[in-house]
Amino acid sequence: MSKEWPLWEIFIRGQHGLSHRHVGSLHAPDAEMALKNARDVYTRRNEGVSIWVVESNKITAFDPDAAEHNFAAPKSKVYRHPTFFDIPEDVGAM
Amino acid sequence: MYAQLVETGQSEGTEQELEFQAKIDRGVRIEANDWMPEGYRKTLIRQIGQHAHSEIVGQLPEGNWITRAPSLQRKAILLAKVQDEAGHGLYLYCAAETLGISRDEMTAQLLSGKAKYSSIFNYPTLTWADMGAVGWLVDGAAIMNQVPLQRCSYGPYSRAMIRICKEESFHQRQGFDIMRQLCQGTDDQKAMAQDALNRWWWPSLMMFGPSDKDSVHSEQSMKWGIKQNTNDELRQKFVDQTVPQAEWLGLTVPDPELKWNEEKGGYDFGEPDWSEFFEVIKGNGPCNRDRLEARNKAWDDGEWFRDGLTAHAEKQQQHNIAAE
Ligand SMILES: [Fe+2]
Ligand SMILES: [Fe+2]
Ligand SMILES: [Fe+2]
C-alpha cells in the first residue's frame with residue numbers, strides 16, 4: 001500500500017510586477033515535484049512567470065466560523081476611508 | 001523625500017549588467033531572486049530602509065497629540081492614521097528584507113543613528129493645528145513622491161508602494177479637514193492654522209531633497225528605475241498643487257517670492273534654506289535627539305515583551321512535539 005502524497009497550495013505570478021496569487025492545489029510527493037506538476041497543470045496557457053508551492057498543512061488560518069467576530073472591528077472605523085472626509089471639489093486633487 | 005540623499009554605486013558595464021539594464025529599460029520588474037548589480041541592491045536597501053525608518057519615526061510627532069486631540073472622533077482618526085504609518089513601516093522593512101538584510105539589522109542601524117530617516121520628522125509638533133499641517137503638507141508631499149514609486153523597477157518595493165498609496169489618501173484628507181475646520185473657526189483658530197503653515201511649509205519643500213544640480217546620486221537611481229522624477233520636478237508639482245489649496249483655506253504661504261508664472265504654467269518660488277536641511281540631516285535639527293531617544297526607549301522597554309512572546313512560542317512548540 002503506497003503512502004498518500006501531501007497536498008500543496010499553488011501560487012502563481014501571472015505577470016512580471018504582480019504578486020503571486022493562489023490558483024489551486026495539487027498532490028505531490030515533494031516540493032520539487034509539486035513545482036513541476038504545478039507548471040504542467042496551471043500554466044499550460046502561459047498563465048505565469050513564477051510559481052510558489054506551499055504544503056497545505058503548513059498554512060495557518062482563522063476559524064471560518066469566527067470570521068464575523070475576527071473582522072468586525074474595522075466596520076465601525078469608517079474614517080479610515082478617504083471618502084469619509086468631504087473635500088470640496090474646487091480644492092483640487094487630494 | 002522619505003529617502004533623501006541615498007548613495008548609489010556605479011554600474012561597471014559587464015554583459016550581465018547590460019542585460020539587467022535592458023530589462024529595466026523594457027519596464028520589466030526585478031524580483032528578489034533575479035540577478036542584480038551589487039550597487040542596485042545596496043541602493044535599494046538604503047532607500048527602502050530609510051523609507052521604512054521614516055514611517056516609524058514619523059509616528060512620533062503625531063503620536064504626541066493623540067492624548068490631547070480636541071474630540072473623541074479626532075482622537076480615533078489620528079490614532080488610525082498613526083497605526084497606518086506603523087503598517088507602512090512594516091511593509092517596507094519586509095520589502096527590504098527580500099534584498100538580504102534582516103529587520104533587526106535595520107533596526108540596529110536606526111537606533112545607533114547610522115541610518116537616516118526623513119528630515120521632516122525632526123521638527124516639533126507644537127499645537128493641534130500641526131496635526132492639520134502635517135497631514136495636509138507632509139503626507140501630501142509623501143504622496144507626491146510615492147505615487148511614481150509604484151512604478152519602481154524593484155517588484156517588492158513597487159507593490160508595497162501600491163498598498164501604501166491606497167492608504168495615504170485618508171491621511172492627507174484628514175489633515176486638510178483639520179485645517180479647514182480651524183480656518184472656518186474663530187480668529188484665534190485661524191491664526192493657529194496660519195502659524196502651523198508658516199512652520200511646516202519650508203521643511204515640507206525640503207522633503208523632496210536638495211536641488212537637482214546638487215543631487216549627486218539621482219542620475220544612477222533614475223537609470224535603474226528606482227527614481228522616476230527629479231527632486232525639483234516633484235517639488236514644483238507639490239507647490240503647484242498646494243498653493244491653490246492654501247488660498248482656498250484663506251491662508252498665506254510664507255514665501256515672498258511665490259508668484260504664478262503664466263509662461264511655465266506653474267509657480268515660481270523661493271529657495272529653501274539648504275544649510276538648515278543639511279544640519280537636520282546631520283543630526284542637528286530641533287528634535288533629532290528626542291526622536292532617537294524615543295525609538296531607543298521603545299526598543300529597550302519592549303524587550304521583556306518580545307522575549308516573553310518568543311518564550312511562549314517555544315513552549316507551545318515543545319508542547320506540540322510532546323503531544324505528537
Ligand atoms: Fe507617511
Ligand atoms: Fe505612510
Ligand atoms: Fe501617511
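**Chat: the A/B interface and the iron sites**

Visitor: How much area do chain A and chain B bury between them?

Guide: About 1900 Å², with 60% of it on carbon and sulfur atoms. Buried area here is the accessible area (1.4 Å probe) that two parts lose on being put together, summed over both.

Visitor: Which three residues of chain A supply more of that than any other three?

Guide: A:Tyr79, A:Phe85 and A:Met94, which supply 34% of the area that chain A buries against chain B. This is a predicted model, in which local features need pLDDT of at least 70, side-chain atom pairs count only at pLDDT 80 or more, and totals for chains, interfaces and linings use all residues. Residues are numbered from 1 along each chain as its sequence is written, chains are lettered from A and ligands numbered from 1 in the order in which they are written, and side-chain values use heavy atoms, with hydrogens and water left out.

Visitor: How many residues are in contact across chains A and B?

Guide: 19 residues of chain A are in contact with 22 residues of chain B, contact being heavy atoms within 4.5 Å.

Visitor: How many salt bridges between the two chains?

Guide: One. It joins the side chains of A:Arg13 and B:Glu31, at 3.3 Å from N to O. The criterion is a side-chain nitrogen of Lys or Arg within 4 Å of a carboxyl oxygen of Asp or Glu. Over all chains, the whole structure has 17 salt bridges.

Visitor: Which side chain does A:Glu32 meet in a salt bridge?

Guide: That of A:Lys36, at 3.4 Å from N to O. Both lie in helix 1 (residues 31–42) of chain A, and because they are four residues apart there, about one helical turn separates them. Helices are DSSP runs (H or I, at least four residues), numbered from the N terminus.

Visitor: Switching to metals. What are the protein donors of iron ion (ligand 2)?

Guide: B:Glu55 (OE), B:Glu85 (OE), B:His88 (ND1) and B:Glu168 (OE), lying 2.0 to 2.3 Å from the iron ion. Donors are N, O and S atoms within 2.8 Å of the metal (3.2 Å for Na, K and Ca); water is not among the atoms, so sites may look incomplete.

Visitor: How far is the iron ion (ligand 2) from the iron ion (ligand 1)?

Guide: 2.7 Å. As for the chain, B:His88 lies in helix 4 (residues 72–97) of chain B and B:Glu168 in helix 7 (residues 155–183), so the pair ties together parts that are 80 residues apart in sequence.

Visitor: And what are the protein donors of iron ion (ligand 3)?

Guide: B:Glu85 (OE), B:Asp139 (OD), B:Glu168 (OE), B:Glu168 (OE) again and B:His171 (ND1), at 2.0 to 2.8 Å. Along the chain the spacing is E-x53-D-x28-E-x2-H. The iron ion (ligand 3) and the iron ion (ligand 1) are 3.1 Å apart.

Visitor: Last one, B:Lys227. Where does it lie?

Guide: In the loop between helix 9 (218–223) and helix 10 (231–249) of chain B. Leaving aside neighbours within four places in sequence, B:Lys227 is in contact with B:Ser215, B:Ser218, B:Ser221 and B:Met222.

Definitions and conventions. Helix = DSSP H or I, 4+ residues; strand = E, 2+ residues; numbered from the N terminus.
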